[in-house]
Amino acid sequence: MAKSSSIHEKFLEDDSKALNLQGRGCLYQYTETKKLLDGSIVVYPRVIGERDPNNPKHWRWGFNWEQKVNGVWKGRSIGSIPNGAISMIREMQLQGASRDEIISFIKRAKAKKTNLKPKLPTHAPTAVVLFAGGGGLDAGMVDAGIRIEVAVEYDPTKPELSRAIAQAHHHNFSEYGCKIIQLTVQEVAKEGFIGFPQRPDYLHASPVCSNFSQAHTAKAGIGLESPDDLTAAQAVALAIQQLRPRVFTLENVPRYQDSQSFAIILFTLESLGYKVNYSVVNMADYALPQARKRLVLVACEDLALTLPPTSKKIGWYEAIGHLIATMNDSYLLAKQKQALEIFLATNEPTPLLIERVGVRGLPKLKPGAEPANTILRSQFTDHKGGNRNLFADIWLPDGTVKSLSIEGAAALQGFPPWYQLPKEAAVAGSIIGYSVPPSFAYQLFTDIQKQLRNHDLSRNLLHQS
């Protein structure tokens with residue numbers, strides 16, 4: 001049986017005093033010595049020739065720090081750091097990141113992706129989702145302990161894509177008993193919502209928003225509400241009338257609130273006695289590492305619900321920095337280089353997320369401490385609807401350029417690790433770009449359920465007194 005031991009060969013050029021173990025901590029490199037069954041001694045990582053002190057791949061890596069325990073300074077250490085993360089940890093140190101931020105980053109870099117899905121109790125709250133897409137909102141609901149019984153997803157303008165998206169939904173949610181219906185919401189409404197559960201706890205709708213989006217109105221000059229938009233809103237109104245959920249929620253682009261479609265839904269809710277609250281929120285205010293403004297409506301039969309409390313903003317680098325080492329190498333286009341040069345002329349070098357497609361003028365770039373720009377479905381598809389595998393780039397101060405991966409884009413959209421995206425970039429990107437961010441949905445429905453429980457508890461106590 002082989003035996004192994006770790007030898008801390010040397011610290012980095014900035015020794016422990018300079019890096020201040022009691023403050024920010026210190027990276028160190030070491031080797032592992034193993035005795036094999038044949039008695040030979042081998043040093044890992046294996047290196048042909050001399051071990052290069054400046055090559056991260058020639059060393060095992062660890063991180064040391066000291067912290068007070070009962071008034072006494074004690075040493076702490078994390079080993080086996082992926083060597084691909086070393087340059088990013090060094091950059092964090094140069095940028096003045098705190099020890100806790102560095103340790104958190106290291107733990108994320110070391111963490112293995114888990115495919116374990118949440119388990120729902122038998123009597124979990126139930127939901128129906130209209131215009132479900134690939135199930136971004138549904139993933140947030142499941143994380144919040146809600147079972148989706150029926151989801152409706154079909155876009156007749158993009159039938160092949162819509163079928164692929166519906167298949168992804170089935171793959172991720174069928175084990176929870178969710179039935180995905182591949183018809184338009186209007187077609188389901190004409191059939192009278194046959195087979196749908198009556199009085200579900202939740203009913204959600206995210207009607208198609210292309211005619212109300214800022215990108216559409218920028219091209220057309222004005223948002224033109226189509227007959228399909230109106231019939232979709234009428235179908236949602238009918239669903240509310242027939243299913244009578246305790247809670248109805250809606251998400252759409254901000255301009256939807258000025259439409260006749262929204263007025264139809266709002267009138268239905270108010271005429272049925274629902275207490276309605278809606279506003280435009282920036283989901284970056286809910287710890288989503290992306291600037292994404294959306295109209296969010298919550299309505300309840302017996303309680304005036306509020307939106308969840310906001311939290312601090314998270315930069316895109318904090319959210320996906322641990323994934324960068326796994327992303328493919330890339331290169332900057334001429335306009336990207338020009339935008340980078342302009343930025344560096346007046347700013348210190350810092351990780352940058354740079355647009356690659358859909359650019360008018362110079363590409364937009366986002367420093368790592370800021371949320372990313374809004375992720376759009378169009379970034380992942382070419383003009384024919386095919387896969388676009390290069391859609392955004394990450395520039396690091398050491399000159400490294402990486403191509404933002406689908407996994408990274410999903411993390412910026414708040415998808416949980418257990419959600420399995422299709423391999424095709426066009427389909428996966430469409431799911432990401434269309435989705436309600438799952439992390440926001442989780443916060444929304446977790447908070448709603450808390451409000452409902454408190455309300456029900458108070459009502460029960462009042463009846464008992």
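In which sense do E6 and strand E7 (residues 147-152) pair, and over how many bridges? The two strands run in the parallel sense and are joined over five bridges. Welcome to this predicted model.

- Strand E6 covers residues 126-130, and five of its five residues are buried, so the strand is largely enclosed by the rest of the structure.
- Thr126, Val128 and Leu130 point one way from E6, while Ala127 and Val129 point the other way.
- Towards E7, Val129 has Ala151 standing opposite.
- To get from E6 to E7, the chain passes through helix H4 (residues 136-143), and this β-α-β crossover is right-handed.
- E6 also pairs with E9, again in the parallel sense, this time over four bridges.

- Why can H4 be called largely enclosed by the rest of the structure? Seven of the eight residues of this helix are buried, and being buried means under 20% relative accessible area.
- The buried residues of H4 are Gly136, Leu137, Asp138, Ala139, Gly140, Met141 and Val142.
- These buried residues pack against E6, E7, helix H5 (159-173), E9 and H14.
- After H4 comes Gly145, which has a positive phi near 90 degrees.

**The nonpolar cores**

- The largest nonpolar core has 83 residues, and within it Leu404 and Phe445 touch the most other members.
- Helix H14 (residues 438-464) supplies the largest share of this core, with six residues.
- Setting aside neighbours within four places in sequence, Phe445 is in contact with Leu137, Met141, Ala144, Ile146, Tyr202 and Thr249.
- Another core, of 33 residues, lies apart from the largest one; Ile181, Ala235, Ala239 and Tyr256 are among its residues.

**A position listed by UniProt**

- Which residue does UniProt list for "active site"? The residue is Cys209, and the listing comes from an unreviewed entry.
- Cys209 sits in the loop between strand E9 (202-205) and helix H7 (214-220).
- With a relative accessibility of 27%, Cys209 counts as partly exposed.
- Not counting residues up to four places away in sequence, Cys209 touches Asn252 and Val253.

**An open sheet of four strands**

- In what order do the strands of the open sheet of four strands lie? They follow the order E14-E13-E15-E16, and their pairing is antiparallel.
- Strand E14 (365-367) and strand E16 (401-403) form the edges, each pairing on one side only.
- On average, and with direction ignored, neighbouring strands of this sheet are turned by 25 degrees against each other.
- Strand E13 (residues 352-355) pairs with E14 in the antiparallel sense over three bridges.
- For Leu353, the bridge partner in E14 is Lys366.

Definitions and conventions. Residues are numbered from 1 along each chain as its sequence is written. This is a predicted model: local features need pLDDT of at least 70, side-chain atom pairs count only at pLDDT 80 or more; totals for chains, interfaces and linings use all residues. Side-chain values use heavy atoms; hydrogens and water are left out. Two strands pair if DSSP finds at least two bridges between them. Axes are lines fitted to C-alpha atoms, for helices over the stretch in contact, and angles run from 0 to 180 degrees between N-to-C directions. UniProt positions are given in the numbering used here, feature names are shortened, and annotations may be inferred rather than shown by experiment. Buried means under 20% relative accessible area, exposed over 50%, partly exposed in between (1.4 Å probe, protein chains only). Contact means heavy atoms within 4.5 Å. A crossover is right-handed if, with the strands pointing away from the viewer, the path from the first strand over the helix to the second runs clockwise. A nonpolar core is a set of buried Ala, Val, Leu, Ile, Met, Phe, Trp, Tyr and Cys residues joined through side-chain atoms within 4.5 Å.
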